[in-house]
Amino acid sequence: MSRPNRFEVLSAPRRIWMVSSIHGDLSRLAAIHDVIDQHFEHGDRLVYLGNYFGYGQQILDSMDELVAFRRHLMGRFTLFPHDIAYLRGAQEEMLERVLQLHFAKSPPAVLAWMLEHGLEATLEAYGSSAHEASKFARMTVSEIANYTVGLRGAIRAWPGHYSLIMAMKRAAYDDQRTFLFTHAGVDPNLNLERQTDSFWWGHPSFLRLEERFDGFKRVFAGWHPNHLGISELDHATFVDAGCGFGGPLLACCIDMRGDIVEAFEA
């Protein structure tokens, strides 16, 4: 179990809950949390599958809701911190990249691509804007660094937000390595330890996974480009109905056979 900080390991789960991409939709997230709270049992574990940010207009409130529900669930069921996993999605990866924009080879080009893919809403939530970021992206390295330091400070000003961001993992799995949980999937040609960007951007071959990946019985992903709802392949399951794009937020719960025993949408 090398480099355990990259992955969350769920210890002795009886059942595992998953929440699909949220995209700053507070009302749907709060409704899903109410449902999970009603059906959560001792021995259950919870995995958020990424994309807490981006597109939506209630990013700060959604982050507050994530922080508050974590505290509530841990207290009610005496959970350990690693019993609730937060995976880094594409939106969180873009936030990390903008916080390191001064290291980019072409900051204006990198930033422009990210703004086209949902970053603007996250910047606005934390007091910046596409215009401000673009202005700094054309400046010197030291001036870009001053901007990123300010943005990082703005995130830190919201209680619990920065700590939650820092706690996000690339993937999660149970301690028997039966199931793997990812944001957008994996590259089937590489084992778990060698995965990089496929965790948040996905991989074309994963969309038609025909055999077990790296010994796992099934891989679960919280993002699908076509937002198909709960979509099961032979060895992979997608949980994404397009929350943030007009679709509902999904939550489902599996037992340790991999069967979906609870499924809800809000």
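Tutor: Cys243 is buried, with a relative accessible area of 1%. Buried here means under 20% relative accessible area, exposed means over 50%, and partly exposed lies in between, with a 1.4 Å probe and protein chains only. The closest cysteine sulfur to that of Cys243 is in Cys252, 14 Å away, so the two are too far apart for a bond. Cys253 is also buried, at 0% relative accessible area. Its sulfur lies 7.7 Å from the closest cysteine sulfur, again in Cys252, and this is too far for a bond. The structure holds zero disulfides. The cut-off for a disulfide is a pair of cysteine sulfur atoms within 2.5 Å.

A word on the basis. This is a predicted model: local features need pLDDT of at least 70, side-chain atom pairs count only at pLDDT 80 or more, and totals for chains, interfaces and linings use all residues. Residues are numbered from 1 along each chain as its sequence is written, and side-chain values use heavy atoms, with hydrogens and water left out.

Now the strands around β6. Helices (H or I, at least four residues) and strands (E, at least two) are DSSP runs, numbered from the N terminus. Strand β6 spans residues 179–182. Phe179 and Phe181 point one way from it, Leu180 and Thr182 the other way, and all are buried. β6 pairs with strand β5 (residues 171–174) in the antiparallel sense, over two bridges. Pairing requires that DSSP finds at least two bridges between two strands. Ala172 has Phe181 of β6 as its bridge partner. Four residues separate the strands of this hairpin, in which Arg177 takes a positive phi near 55°. β6 also pairs with strand β7 (residues 218–221), here in the parallel sense and over four bridges. In β7, Phe220 stands opposite Phe181.

Next, the open sheet. Five strands form it, in the order β4-β3-β2-β10-β11, with mixed pairing. Its edge strands are β4 (84–86) and β11 (260–265), each of which pairs on one side only. On average, neighbouring strands of this sheet are turned by 15° against each other, direction ignored. Angles run from 0 to 180 degrees between N-to-C directions, and axes are lines fitted to C-alpha atoms, for helices over the stretch in contact. Within the sheet, strand β2 (residues 15–19) pairs with strand β3 (residues 44–48) in the parallel sense, over five bridges. Val19 has Tyr48 of β3 as its bridge partner.

Helix α2 lies across β3 and β4 and runs at about 160° to β4. This helix covers residues 59–77 and includes Ile59. Ile59 is buried, at 1% relative accessible area. Contact means heavy atoms within 4.5 Å. Leaving out residues up to four places away in sequence, Ile59 touches Gly24, Phe53, Gly54, Ala121, Thr122 and Ala125. Ile22 is 37 residues from Ile59 along the chain, with 9.3 Å between their C-alpha atoms.

Last, Ser198. This residue lies in helix α9 (residues 198–201). With 11% relative accessibility, Ser198 counts as buried. Its contacts, not counting residues up to four places away in sequence, are Ala184, Gly185, Val186, Asp187 and His203.
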